[in-house]
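Subject: Structure handover

Hello,

Here is the structure I said I would pass on. My notes on what turned up in it follow below.

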Amino acid sequence: MRAPAPRYAANDGVIEAATAALGDMLVEAKDAVGEVSLTVVREKLCDAMIALRDTPGLEYQQLSEIAGVDYPQRAERFDVVYQLLSFTRNHRIRVRVTTDEEKPVPSVTDIWPVAGWLERETYDMYGVLFSGNDDLRRILTDYGFQGHPLRKDFPMTGYVEVRYSEEAKRVVYEPVSLAQDFRNFDFMSPWEGAKYVLPGDEKAAQPEAKGAPTPAKADDVVKADTAAAKSEPAQGKDSKTTDSPAQTGAGQPHPGNQPGEKPKDPDVVPTKGEGQNK
């Protein structure tokens, strides 16, 4: 590659500069796995973002992403994470605030208008509220969707299912009714000593042949093979001891097509002295 992308700037001095610029707005700053992460006071988020954008030596001009994280065991269970990029310094930084289901996070749409879409996505997936966002609607889920699907306590099957009704000639919402009969999984392979019979195997009188999928034990498989060997006679032919035509099935002792066995063709007229029939 003749013109590779420039490498990101090192993290040296970033935490010190951010600490000086944010002051009491900063809760925690750390450098982990090569990334700088700042936790700021939720109520002062907008002021912290402006300081990170306008302070010389920081200059994080772009908001790249807003994401949510759910920790149900905490009082403030949600992390709202902002990814910032500095064009002038070619450096990235992560800013984080914490909240719960009721306390809103200040919107940064006045600083970065693109945050409107990203905040809607975080609200849709996690239920995080943003004060100052005039269009906080769902953006990924359907109309009338219940709950927030990326919360850890949201059921994987959801609450309702969508289907097209031929009777109503429209899309209808109904409570979830799973058609799967067996939804309890113990993650134990039936070939490794499971103590149950697979559905359908209870109809079998004997275990299947060796190597086939069966919940039977090894002793049962050996007994079944022994019984099958005694009940079924060998069906192979006699072993070959000679190479005679009678044993090999090669036919006559000579290949045939002898001169005396060839029919005379009345249409072939010999020529006089030359030609193909000379």
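The protein exposes about 20000 Å² of surface, and carbon and sulfur atoms supply 53% of that area. Please keep in mind that this is a predicted model. Of the 278 residues in the protein, 26% are buried. There are five helices and nine strands, and along the sequence they follow the pattern α-β-β-α-β-β-β-β-α-β-β-β-α-α. Among contacts with a separation of 6 or more, 44% are between residues 24 or more positions apart.

Helix 1

Helix 1 covers residues 14-22, and Val14, Ala18 and Leu22 in it are buried. These three span an arc of only 45° around the axis, which puts them on the same side of helix 1. The face turned away from the buried side of helix 1 carries the exposed residues Glu16 and Ala20. The cover over the buried residues of helix 1 includes strand 1 (26-32), strand 2 (35-40), helix 2 (45-54) and strand 5 (91-99). Just after helix 1, Gly23 has a positive phi of about 65°.

Apart from neighbours within four places in sequence, Leu22 is in contact with Leu38, Val40, Ala48, Ala51 and Leu52.

Salt bridges

The count of salt bridges is 17. One of them joins Asp79 and Arg74, whose closest N and O atoms are 2.6 Å apart. Asp79 is buried, at 5% relative accessible area, whereas Arg74 is partly exposed at 29%. Both belong to a network of salt bridges that links Glu28, Arg74, Asp79 and Arg96.

Two further pairs connect loops. Glu76 and Lys103 meet in a salt bridge of 3.5 Å, N to O. Glu76 is in the loop between strand 3 and strand 4 and Lys103 in the loop between strand 5 and strand 6, 27 residues apart. Glu101 and Arg77 form another salt bridge, with 3.1 Å between the closest N and O atoms. Glu101 lies in the loop between strand 5 and strand 6 and Arg77 in the loop between strand 3 and strand 4, so this pair ties together parts 24 residues apart in sequence. Glu101 is partly exposed, with 35% relative accessibility, while Arg77 is buried at 6%.

Ser107 sits in the loop between strand 6 (105-106) and helix 3. Is Ser107 buried or exposed? At 8% relative accessibility, Ser107 counts as buried, the limit being under 20%. Leaving out residues up to four places away in sequence, Ser107 touches Cys46, Glu119, Ser131, Gly132 and Asn133. The side chains of Ser107 and Thr109 are joined by a polar contact of 3.0 Å.

Trp117 is in helix 3 (residues 115-126). Trp117 is exposed, with a relative accessible area of 57%.

Regards

Conventions:
Residues numbered from 1 in each chain as written. Predicted model: local features only at pLDDT ≥ 70, side-chain atom pairs only at ≥ 80, totals over all residues. Heavy atoms only, no water. Buried < 20%, exposed > 50% of the residue type's maximum accessible area, 1.4 Å probe, protein only. Helix = DSSP H or I, 4+ residues; strand = E, 2+ residues; numbered from the N terminus. Arc of directions from axis to C-beta. Contact = heavy atoms within 4.5 Å. Polar contact = N/O pair within 3.5 Å; in protein donor to acceptor, adjacent residues only side chain to side chain. Areas by Shrake-Rupley, 256 points an atom, 1.4 Å probe, with all protein chains shown as cover. Salt bridge = Lys/Arg side-chain N within 4 Å of Asp/Glu carboxyl O.
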